[in-house]
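User: I would like to work through this structure by question and answer, beginning with the overall make-up and moving on to local detail.

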Amino acid sequence: MADPFDGPAIGIDTGGTFTDVVLRDGAKLKIHKVLSSPADPSLAIARAVAAVVDATAGAPAIIHGTTVATNALLERRGARVAFVTTAGFEDLLFLRRQHRPELYAFEIVVPAALVGPDACYGVRERIGHDASIIEALEQSSIGALIGWLEAGGFESVAICLLHAYANPIHEQMLGSAIAAALPAMHVSVSHQIVREFREYERASTTSVNAFVGPVMARYLTALSARVDAHRIEILQSHGGRSDIDFAARLPVHTVLSGPAGGVIGALHAAHELGFSKIITFDMGGTSTDVSLCDGEPSLTRWSEIDGLPIGVPVIDIFTVGAGGGSIAAVDAGGALRVGPRSAGASPGPASYAQGGVEPTVTDAHVVLGSLRADRFLGGEMQLDGGAAAQSMRALGEALGMDQRTLARGILDVADASMVRAIKVISLERGLDPRDYTLVAFGGAGGLHACRLAQALEIKRVLVPRHPGLLSAHGMLHADAQRLYGASILRALDWLLGTTPGHDALRGVLAELEAQALEEMGVATALLEISVSAELRYVGQSFEISVPVTWRSGDKAFEDPAEGFGARHELLYGYRAKERAIELVTVRVKASVASRIVANFEEQSSASAFDFGEQHAQVGFGGGDFEASIIERDGIGEGACFLGPAVITEYSGTTVVPAGWRVQCRGGHLILSFEEGQ
Amino acid sequence: MNAIELEIHRHLFASIAEEMGVVLMRSAFSPNIKERRDFSCALFDADGEMVAQAAHIPVHLGSTPLSVAAAMAAIKMEPGTHVLLNDPFAGGTHLPDITLVSPVFDACGVVRFYVANRAHHADVGGITPGSLPLSQSIDEEGICLGPTLWSEALEDQIADASRTPDERRGDLRAQLAANRRGQQRLSEHLALRGEAFVRAARALQEHSERFMRAVLSAMPRGRWSFEDVLDDDGFGHGPLPIRCTVAIGDEGVVVDFAGTALQTRGPVNVPRAVTLSAVLYVFRCLAPRELPSNGGYMRCIEVHTVPGTLVDAQHPAAVAIGNVETSQRITDVVLGALAQAMPERIPAASCGTMNNVTIGGIDQRQSPPAAFAYYETIGGGSGASASAPGFDGVQTHMTNTLNTPIEALEHAYPFRIVAYAIRKGSGGAGKHAGGDGVVRSYFFESAATVSLMTERRLHGPYGLNGGEPGAVGRNLLVRNAVTQRLPGKCTIEVEAGDVIRIETPGGGGHGLG
């Protein structure tokens with residue numbers, strides 16, 4: 001069966017202001033933007049689809065990135081949820097891990113829980129860590145629970161029993177009994193969502209799913225009705241896509257999908273040019289997201305949204321509170337701080353002339369000339385250079401600096417926090433950023449990319465084509481993908497060395513593989529299965545993921561001990577040969593790789609040298625230079641020129657310092673630092 | 001150094017300390033370090049003054065600098081050497097906290113920086129598993145090391161002293177790995193930036209000092225005193241008063257503990273380092289969160305203690321649990337004094353104890369049976385304030401460790417948790433009620449030794465402005481269906497089938513209800 005997404009397809013990214021749509025038909029791209037319709041996002045989608053699709057030529061499949069679940073969660077507009085757990089542990093969601101989010105503050109502020117204290121229910125049952133049944137679940141308990149759920153008027157139920165990852169029998173009994181007795185109830189069962197130990201995190205994940213489930217299901221039903229001719233798939237937080245039924249059942253997989261499209265888009269752009277190791281750098285108005293990809297996105301198993309732990313795979317993105325709108329101010333000790341306060345979209349930076357008076361990163365760029373007042377948003381919005389300069393005045397006087405020195409300083413400080421973010425995702429994980437290409441996008445990404453690259457000794461920066469639509473475009477390249485995991489918590493020697501151990505491991509892997517085949521509904525031959533193991537020395541509690549060879553045919557599992565030792569040594573400087581290794585979790589990734597080839601043909605028709613060039617005095621890190629001001633639309637395929645330059649386009653600006661060479665290939669800009677300059 | 005360079009260097013130093021923390025946490029072996037994150041990492045200048053600190057818990061704030069000072073005074077470090085210590089009377093706090101100090105040299109072979117990390121080890125010997133015993137002198141608390149050069153032999157010595165030698169070796173290696181990472185990063189920057197890098201460290205300390213002086217200048221001037229008590233020392237001595245007088249003036253703050261009880265027989269004494277940490281914690285909380293964590297702001301705060309008292313104990317005082325319990329009461333009295341100065345900002349007392357539970361014995365599930373030692377702390381209610389009620393079931397003030405997941409704990413140790421809940425109604429009443437404490441029950445599958453080191457079992461956390469005190473905590477043993485109350489501090493042998501139930505105190509209320 002061919003993947004319908006290999007043919008014409010549409011990527012749709014619903015943002016707060018705009019809904020972006022990209023139609024890909026062979027080598028041709030059609031792009032469109034419509035205003036979002038926050039009350040019912042499917043309205044804007046229907047409009048956007050109608051604008052790009054020729055109804056007589058069929059209905060292309062849609063890949064959609066949605067923030068419906070995310071927003072329901074952040075705004076606490078989810079379902080009325082009941083939380084069901086083992087008796088004695090009803091307060092699990094409130095006890096959390098007992099820590100307070102801020103160390104040096106007397107008042108403890110934690111985002112509101114998703115479940116009320118009166119909506120928690122304990123069921124008499126107990127499973128042991130070794131999967132044994134310590135106390136059996138009685139039918140009478142199930143009946144009492146159903147009565148309570150019915151009387152409570154709940155829309156959705158989250159079930160998380162202790163040690164259900166080791167033995168899900170009681171959760172299964174509860175889940176199927178509730179589904180049978182209360183068919184309208186949205187049921188979320190912990191072992192089906194995250195089959196791993198750590199009860200609070202698993203319970204939290206399950207309750208998030210229960211909270212957003214009914215909202216997401218209603219939205220997807222409405223969406224399907226509006227674009228009923230199209231097959232729809234939904235972008236997941238791990239960067240893959242899933243069918244609509246999966247998304248309705250397990251919407252927790254979408255709550256952190258907002259930045260995933262951009263990362264996939266950045267990676268695809270890099271792949272088109274033959275690069276596979278990238279650091280993505282997405283700098284927006286209030287914050288900056290960075291992530292590292294080694295041929296594929298790095299995933300993390302444990303993340304948080306609004307203070308709630310989520311234990312499903314998510315692209316590992318590190319966020320810092322520095323963006324174009326970040327406000328510069330002097331602290332009580334006399335150091336210059338940039339952020340975390342932000343002017344946001346309203347009033348926005350001083351140069352937006354909407355009432356903002358405090359100096360921001362954007363204003364610093366306007367003062368230095370790297371943001372061109374007359375070319376913002378393709379000239380649609382005029383920036384107020386006078387207001388930007390005025391915003392610098394008081395702060396500059398306080399620090400005894402002229403405006404340009406202060407503006408440079410603001411950018412240097414903003415860079416320092418972003419450099420730190422990139423170090424967290426690279427050096428702290430044993431990876432050298434110099435081996436990577438920095439892929440910049442977001443409104444302000446291009447303004448800072450070369451500066452950060454220089455600070456980190458990164459030699460190459462990539463600014464993809466249509467950076468403002470990168471997310472919608474990226475969705476077209478998301479693979480159909482499912483990720484499965486199961487906690488094993490057994491000594492590796494036992495698993496590999498004895499028949500019962502071997503059988504247990506083979507059993508789990510075969511089960512996960514069968515589940516993937518069934519759920520993804522494709523032929524075995526099309527499915528790519530890869531397996532990894534999370535290992536640690538017995539006694540450690542942090543795991544290292546190591547790929548393992550698993551041949552479904554003969555069900556053989558190769559010893560990953562050597563790979564683990566090497567990785568441990570790389571990360572922590574030593575390996576402990578005498579210590580036993582424990583296999584904590586096995587993971588199976590099942591994907592149908594998208595077989596779309598590079599669409600290099602879609603190119604600007606401009607000739608390579610038709611820049612319509614202007615010049616201006618622009619402040620860079622090293623001083624003021626006479627720089628070329630170039631419209632990106634005028635840069636043709638194959639064009640090549642040297643900085644200092646400022647490249648403007650609708651959705652962003654790219655600053656090219658002296659010593660950097662720009663090349664246009666496949667519509668993308670490759671910026672490389674030339675040795676010896 | 002200008003405002004811009006200051007901020008850039010602050011990021012630089014902080015990120016190095018944080019990276020050390022990541023290495024330590026990820027490569028350590030004991031749940032105490034990995035799951036509960038009971039450790040801290042810091043950078044120091046050549047004079048031993050702190051430059052940056054990360055992954056910190058408050059009780060390490062003022063005490064880590066004293067470890068570095070002790071290491072520097074005792075040993076002239078050469079390249080490639082590391083100094084380890086845990087002696088509470090020579091730079092330590094209590095014996096489980098092992099500190100490793102390593103020098104950073106420049107190209108000319110001159111020390112320019114030190115890196116240090118401190119981690120809580122689950123067992124370092126002593127008379128009960130977990131090394132938080134009901135001791136009568138330091139000699140009963142475990143292996144005690146003044147500043148000593150790190151070597152394989154030293155690693156063996158510590159491992160041999162511990163009931164869990166493999167875990168000790170693993171954790172010590174993780175500590176070494178963390179310091180090496182810190183040394184490597186500092187050396188890289190030193191090579192790249194030279195003297196400017198060293199000067200930046202000084203400038204950051206001066207910045208932090210200016211910052212704190214600005215914070216203090218906004219506080220009212222005056223002197224305020226407050227007194228509260230520890231229940232007892234575990235040997236029938238108590239209540240034990242801790243008294244402080246806080247004086248805020250133009251020159252800074254002086255906190256004087258005159259009037260505090262003399263050091264006592266049981267293990268609730270603390271070395272001065274711990275007292276210092278508690279005072280620094282309170283003033284950090286009163287500063288905006290941007291205050292950089294380094295030695296600069298500490299210069300504005302003077303602490304006076306009398307040697308030989310509970311808060312400045314001398315050898316051979318027992319100190320095992322002073323670090324975790326007495327530190328909370330010191331915080332309570334400093335806050336109680338400040339509440340008179342700034343009633344709108346200071347909350348009522350929080351639960352005031354870490355509710356330390358240590359369980360040790362032989363795990364018969366392993367083949368061959370293996371020794372184990374497990375340690376955890378349990379949160380309680382936080383104190384209410386003029387603006388908000390207290391928070392339920394949370395770690396307060398001098399600790400912020402995470403709990404160990406029940407599913408991880410039952411996998412690793414031969415006992416089970418049979419109840420874990422909020423202790424409803426235990427917060428003090430008031431216009432704003434104090435937060436509720438926690439109930440946690442342990443079911444033992446086999447015999448074990450349990451040490452409970454808890455406070456606020458007799459004297460509840462105070463309320464403010466007419467608010468009621470939080471409920472006192474209770475420690476219960478259920479054996480053969482008979483429930484008996486246990487003392488606040490005790491070591492008992494439990495049998496298979498026994499249940500121990502800990503009920504932690506609520507926080508104090510604020511205002512008339």
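User: How many helices and strands are there in chain A?

Analyst: This is a predicted model, and what follows is computed from it. The radius of gyration of chain A is 26 Å, close to the 26 Å of the globule rule for 677 residues, so the chain is as compact as a globular protein of that length. Its C-alpha trace spans about 80 × 60 × 55 Å along the principal axes. The secondary structure of chain A consists of 17 helices and 36 strands.

User: What percentage of the residues of chain A count as buried?

Analyst: Among contacts in chain A between residues at least 6 apart in sequence, 67% join residues at least 24 apart. Of the 677 residues of chain A, the part that counts as buried is 52%.

User: What distance separates the centres of domain 3 and domain 4 of chain A?

Analyst: The domain assignment of chain A gives domain 1 (1–65), domain 2 (74–219), domain 3 (417–473 + 601–673) and domain 4 (480–592). Taken over C-alpha atoms, the distance between the centres of domain 3 and domain 4 of chain A is 40 Å.

User: Which element of chain A gives the most residues to the side that touches chain B?

Analyst: In the contact between the chains, 52 residues of chain A meet 62 residues of chain B. Elements giving two or more residues to the side of chain A include helix 3 (92–95), helix 7 (199–226) and strand 21 (336–342). By class, this side has 26 nonpolar, 13 polar and 13 charged residues. The element that gives the most, with seven residues, is helix 12 of chain A.

User: How many residues of domain 2 of chain B are in contact with domain 1 of chain B?

Analyst: Chain B is assigned domain 1 (3–209) and domain 2 (347–513), and their centres, over C-alpha atoms, are separated by 30 Å. On the side of domain 1 that touches domain 2 there are nine nonpolar, four polar and six charged residues. Domain 1 of chain B contributes 19 residues to this contact, and the number from domain 2 of chain B is 22.

User: Which residue stands opposite B:Val255 in strand 10 of chain B?

Analyst: Strand 8 (residues 240–249) and strand 9 (residues 252–256) of chain B run antiparallel and are joined by five bridges, forming a hairpin with two residues between them. Strand 9 of chain B also pairs with strand 10 (residues 301–304) of chain B, in the parallel sense and over four bridges. In that pairing, the residue opposite B:Val255 is B:Val303.

User: Is B:Ile143 buried or exposed?

Analyst: B:Ile143 lies in the loop between strand 5 (111–120) and strand 6 (148–149) of chain B. Leaving aside neighbours within four places in sequence, the contacts of B:Ile143 are B:Leu95, B:Val124, B:Gly125, B:Ile158 and B:Ala161. Because 20 other C-beta atoms lie within 10 Å, B:Ile143 is buried.

User: What is the phi of A:His466?

Analyst: A:His466 is found in the loop between strand 23 (460–463) and helix 14 (470–475) of chain A. This residue is buried, with 22 other C-beta atoms within 10 Å. Its phi is positive, in a residue other than glycine, and is near 45 degrees.

User: Which residue does a cis peptide bond join to A:Gly643?

Analyst: The bond in question has an omega of about 5 degrees.

Conventions:
Residues numbered from 1 in each chain as written. Chains lettered and ligands numbered in written order. Predicted model: local features only at pLDDT ≥ 70, side-chain atom pairs only at ≥ 80, totals over all residues. Buried ≥ 20, exposed ≤ 12 C-beta atoms within 10 Å, placed from the backbone. Contact = placed C-beta atoms within 7 Å. Domains from an automatic or database assignment. Rg over C-alpha atoms; globule rule 2.2 N^0.38 Å. Pairing = 2+ DSSP bridges. Nonpolar A, V, L, I, M, F, W, Y, C, P; charged D, E, K, R; others polar.
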